[in-house]
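Keep the viewer open while reading.

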Amino acid sequence: MMGAKMQYRLLWERVRTGDEQAYFDLYAQLYPELVRFGVRTFADSDLASDATDAVFLSIWEKRDSLDRVENVQSYLLTMLKRKMIRLLERKQKLSNALSSMLDQDEWTEMPYEEFIIRVQTDELVQHKLKNALAKLSFRQKQVVQLKFFENLSYEQIAEQTQMSVKTCYNTLYDALKLMRSVFYDF
């Protein structure tokens, strides 16, 4: 019987060629272990699950540019740890921003984009944000995600989405305008 390390490496190579079944097999075999590692390391099962999903999503999205990996399991554990640290940092920044906003009572004066980022952790706002995002087109959601959650420049967004910089800007403008209408009564 083939060793797990070799099996993961073969699946990884097939994923690199775009083999969807190999991707799902790798996911099924390593997902539980990665989540357990995340829970043991950071004591947060939701964070561990979300980060593991993000790692696997990233693998599929970047399958064409993945490098060869000798120890897939170790590689994915490292990716997961880094992803969880980034998510925790983002969560802490959002929490700090919300606290600061509530302390300073400045939320009516701040730009819309800053408002969204600062109050994202509030439950009511999350509900409104979900409703607003549901009204956006796929492209609008994609540009909002890349601009505000991945902090990419318009040039980077244009490159990643294969749109012009002006189209990215206009798409984001339209998305924010639509989202602002949902938050208007807040």
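Q: Which side chain meets Glu13 in a salt bridge at 2.8 Å, N to O?
A: This is a predicted model, in which local features need pLDDT of at least 70, side-chain atom pairs count only at pLDDT 80 or more, and totals for chains, interfaces and linings use all residues. Residues are numbered from 1 along each chain as its sequence is written, and side-chain values use heavy atoms, with hydrogens and water left out. A salt bridge here is a side-chain nitrogen of Lys or Arg within 4 Å of a carboxyl oxygen of Asp or Glu. At 2.8 Å, N to O, the partner of Glu13 is Arg16.

Q: Which helix holds both Glu13 and Arg16?
A: Helices are DSSP runs of H or I with at least four residues, strands are runs of E with at least two, and both are numbered from the N terminus. Glu13 and Arg16 sit three residues apart, about one turn of the helix. Both belong to residues 4-16, helix α1.

Q: How many residues apart in sequence are the parts that Glu13 and Arg68 tie together?
A: Glu13 also bridges to Arg68, with the closest N and O atoms 3.2 Å apart. Glu13 lies in helix α1, while Arg68 lies in the loop between α3 (45-61) and α4 (72-104). The pair therefore ties together parts whose separation in sequence is 55 residues.

Q: Is Arg68 buried or exposed?
A: Buried means under 20% relative accessible area, exposed means over 50%, and partly exposed is in between (1.4 Å probe, protein chains only). Arg68 has a relative accessible area of 66%, so Arg68 is exposed.
Arg16, in contrast, has 23% and is partly exposed. For Arg68 the class is exposed.

Q: What is the distance between the closest N and O atoms of Asp19 and Arg14?
A: Asp19 is partly exposed, with a relative accessible area of 23%. Arg14 counts as partly exposed too, at 35%. Their salt bridge has its closest N and O atoms apart by 2.9 Å.

Q: Which residues do salt bridges with shared partners join into one network?
A: The count for the structure comes to four salt bridges. Those that share partners make one network of Glu13, Arg16 and Arg68.

Q: Which residue lies over the face of Trp60?
A: Rings of Phe, Tyr and Trp (its six-membered ring) pair if their centres lie within 6.5 Å. Trp60 belongs to an aromatic cluster with Tyr23, Phe24, Tyr27, Tyr31 and Phe56. A charge sits over a ring if NZ of Lys or CZ of Arg is within 6 Å of the ring centre and within 35 degrees of the ring normal. At 4.0 Å from the ring centre of Trp60 lies Arg63.

Q: Which residues are in contact with Gln140, leaving aside neighbours within four places in sequence?
A: Gln140 is placed in helix α7 (residues 138-149). At 14% relative accessibility, Gln140 counts as buried. Contact means heavy atoms within 4.5 Å. Beyond those neighbours, the contacts of Gln140 are Thr171, Asp174 and Ala175.

Q: Which element has the lowest mean pLDDT?
A: pLDDT is the predictor's confidence in each residue, from 0 to 100. The chain has a mean of 79, and 77% of its residues reach 70 or more. Helix α8 (residues 154-161) has the highest element mean, 90. The lowest, 60, belongs to helix α5 (residues 112-119).

Definitions and conventions:
Phe/Tyr/Trp six-rings, centres within 6.5 Å; stacked < 30°, edge-to-face > 60°.
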